[in-house]
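Take a walk through this protein, one side chain at a time. Keep the 3D view open as you read.

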Amino acid sequence: MRRFFASFLLSLLSFLCFSPYAAIANASSAADSISTSISDSRSDYHEQLILRPLPLSALLASFNFRSNTSLSAFEAHNFRFFPRSLGQILQHAGTRELHLRFSLGRWDAESWGARPWNGAREGGTGVEMWAWLEAETDEEADHKWLTLTNALSGLFCASLNFIDSTRTTRPVMSFQPEGNHIDANAANTHLLYGVLPHEVVCTENLTPFLKLLPCKGKAGIASLLDGHKLFDSSWQTMAIDIRPVCPEDGECVLQIEQSIDMVLDIDRSKRPRDNPIPRPPPAHDMKCNTSKPYHAHDTCFPTDSAANQDWSLSQIFGRPIKGTCPLTDPTVSPVCIQVPDSRIVFASEGAIEKKNPDQTSRCFDFPAENDFEVFLPAPETQDGSVVVDQHLVKPETPLLYAERSFTGHGQERGGVQTILRNPSPDQEVEFIYMESLPWFMRIYLHTISARVDGQPGKADSLIQEVYYRPAVDRARGTQLEVRMTVPPASTVFLTYDFEKSILRYTEYPPDANRGFDVAAAVITILNRDKSVGNSRFAAYNLRTTTLLCNLPTPDFSMPYNVIIFTSTAIALAFGGMFNILVRRFVAANEGPENGLKKGVNRLKAKLAAMFKKRGSTPAVMLDGEKKME
């Protein structure tokens with residue numbers, strides 16, 4: 001680790017730190033001033049909440065927390081804002097850069113537009129993790145990776161310890177380091193990537209996340225984070241990114257950035273807990289689409305989008321913000337909302353509203369000791385009717401749409417089809433498509449093909465490079481990376497076939513009939529405008545949905561049935577044969593007395609002898625008849 005930290009101190013090249021607010025500025029110009037205000041890595045701690053109304057009665061809430069520590073303080077175990085529990089794990093495992101994701105739900109790109117932070121803080125469903133480790137050999141890197149996953153498993157109450165060799169890959173083209181590494185491509189730096197698509201993210205993962213913050217969840221924007229609201233959202237992701245940053249005029253620092261992004265359904269969030277059953281609104285509360293020609297006082301067509309309805313922080317999160325964290329940078333506005341200047345926004349008394357020059361966002365500063373509340377009323381026209389999407393910042397169109405599904409039928413073979421659509425009318429999209437598949441999905445590499453919908457002649461030039469690492473049964477999964485392009489205003493179908501392996505009956509999970517989760521594909525879009533030498537920087541990231549692979553599943557009740565049937569058959573056959581071999585068949589009057597009759601006769605004889613000694617003979621029962629002597 002000393003050589004690792006010395007490499008940063010002896011760095012001759014320095015780069016500006018990668019700020020997630022710079023990424024969101026590409027998606028929306030409303031965050032330009034926000035990115036400028038927190039891009040200084042010398043500040044020790046920042047936190048900010050960005051609220052963005054979305055179509056279809058949705059609200060995107062992006063929580064961002066960032067803290068720094070100098071490398072000298074980190075090496076001396078002097079932790080101030082950087083969490084000690086996480087720092088000691090990084091030092092013990094020799095981790096240079098770490099990225100961890102907890103995600104649930106599906107981002108609706110068709111309705112909500114581009115992903116927050118350009119997808120840089122997004123992960124696939126379940127748990128996703130990748131890190132750059134310092135090691136001399138691959139075996140040492142695997143050992144440190146195992147140490148890191150086991151330690152983080154206990155820290156975050158997750159099943160990261162199940163990321164074994166079958167769920168670990170070594171990406172070649174997909175991931176690039178975000179930190180300033182002067183020897184990022186050296187032989188002693190190893191990139192490992194693991195994913196658990198079946199992991200269920202819950203409150204047990206949120207609690208350790210909040211404990212890493214300087215103010216925990218007691219003050220500041222973190223006081224809004226409640227497990228009931230977070231995990232009731234339509235889509236949510238928790239991200240932790242740790243990277244070294246070397247500013248131009250200062251010492252290199254180790255930066256930790258924690259982000260939580262969630263898409264809340266406004267109608268469901270405003271529903272009280274004591275009355276959670278949805279009910280249709282009364283007639284006087286219905287929001288009508290006044291643009292319809294048949295709209296009248298007695299005719300109402302409900303609006304297609306209710307994004308302009310009124311809401312407040314207390315209605316959405318169940319509580320206001322409990323002041324500000326006293327350790328945060330006062331120059332950064334803690335709350336920002338992305339709505340046009342035409343919308344009226346009410347805030348708590350004492351709050352200062354600052355509108356950005358782009359006229360699409362505004363931020364609020366408020367006293368540290370006061371609770372903060374913001375209320376966004378529904379815009380209305382002069383006649384009192386609700387307008388539709390006229391006072392909403394239009395979501396930016398994504399660079400690429402991606403959908404993935406299984407093809408084929410049967411329990412022996414199948415296929416995967418990924419539909420990639422480029423919405424740009426004049427620019428092609430170049431990206432890297434990566435799949436991390438389980439070992440029981442054996443890809444037929446020669447079946448990989450890409451075709452343009454309606455233009456079969458352009459299929460030959462779509463795939464530019466393929467990296468394939470075959471699976472090893474019960475030891476290593478399949479790794480597939482494809483660098484390809486999608487022409488402007490085109491839809492490309494990327495397909496391949498695979499064979500399903502038959503597992504041992506002990507390898508099936510308890511819910512085997514549900515299917516096996518296949519991790520989401522990672523798509524890294526390359527930006528040709530930003531390059532250094534021959535390398536290219538990722539401009540946009542997205543994940544596809546996970547898949548469920550159905551394997552040949554045995555009937556686990558059959559062993560029980562076979563045991564019962566076999567035992568019965570053996571008992572009947574063996575019992576009959578045993579009786580034939582060891583028993584002697586005679587007539588009933590020829591056979592010796594045995595059983596109950598023999599015991600009764602003995603009792604009779606004893607009673608007769610006893611009464612004979614006394615000189616009297618009682619009446620005895622002989623063959624069912626009474627005889628007197």
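Asp-138 has a relative accessible area of 40%, so it is partly exposed. Keep in mind that this is a predicted model. Asp-138 has a salt-bridge partner, Arg-170, with their closest N and O atoms 3.9 Å apart. The two sit 32 residues apart: Asp-138 belongs to helix α7, while Arg-170 lies in the loop between β5 and β6. Arg-170 is buried, because its relative accessible area is 19% and the cut-off for buried is under 20%.

Now look at other charged pairs. The whole structure holds 26 salt bridges. One joins Glu-128 to Arg-543, at 2.4 Å from N to O. This pair spans 415 residues of chain, from strand β4 to strand β26. Another bridge, at 3.4 Å, ties Arg-483 to Glu-465. Glu-465 is partly exposed, at 36% relative accessibility. Salt bridges also form a network, which includes Arg-101, Glu-178 and Asp-241.

Next, find the second largest pocket. Its space is about 860 Å³. It is lined by 27 residues, and Arg-167, Leu-196, His-198, Phe-440 and Phe-516 are the closest to its centre. Strand β24 gives the largest share of the lining, 3 residues. The lining has 14 nonpolar, 5 polar and 8 charged residues.

Finish on the surface. A nonpolar patch there includes Phe-574, Met-577 and Leu-581. The whole patch has about 780 Å² of accessible area. Phe-574 is in helix α12. Its relative accessibility is 57%, so Phe-574 counts as exposed.

Methods
Residues numbered from 1 in each chain as written. Predicted model: local features only at pLDDT ≥ 70, side-chain atom pairs only at ≥ 80, totals over all residues. Heavy atoms only, no water. Patch = residues over 30% accessible without salt bridge, like charges linked within 9 Å, V, L, I, M, F, W, Y side chains within 5 Å. Areas by Shrake-Rupley, 256 points an atom, 1.4 Å probe, with all protein chains shown as cover. Salt bridge = Lys/Arg side-chain N within 4 Å of Asp/Glu carboxyl O. Helix = DSSP H or I, 4+ residues; strand = E, 2+ residues; numbered from the N terminus. Buried < 20%, exposed > 50% of the residue type's maximum accessible area, 1.4 Å probe, protein only. 1 Å grid on protein atoms, 1.4 Å probe; cavity = no way out; pocket = protein on both sides within 12 Å on 5 of 7 lines; lining within 4 Å. Points joined across faces, edges and corners; volume = space filled by probe spheres on them. Nonpolar A, V, L, I, M, F, W, Y, C, P; charged D, E, K, R; others polar.
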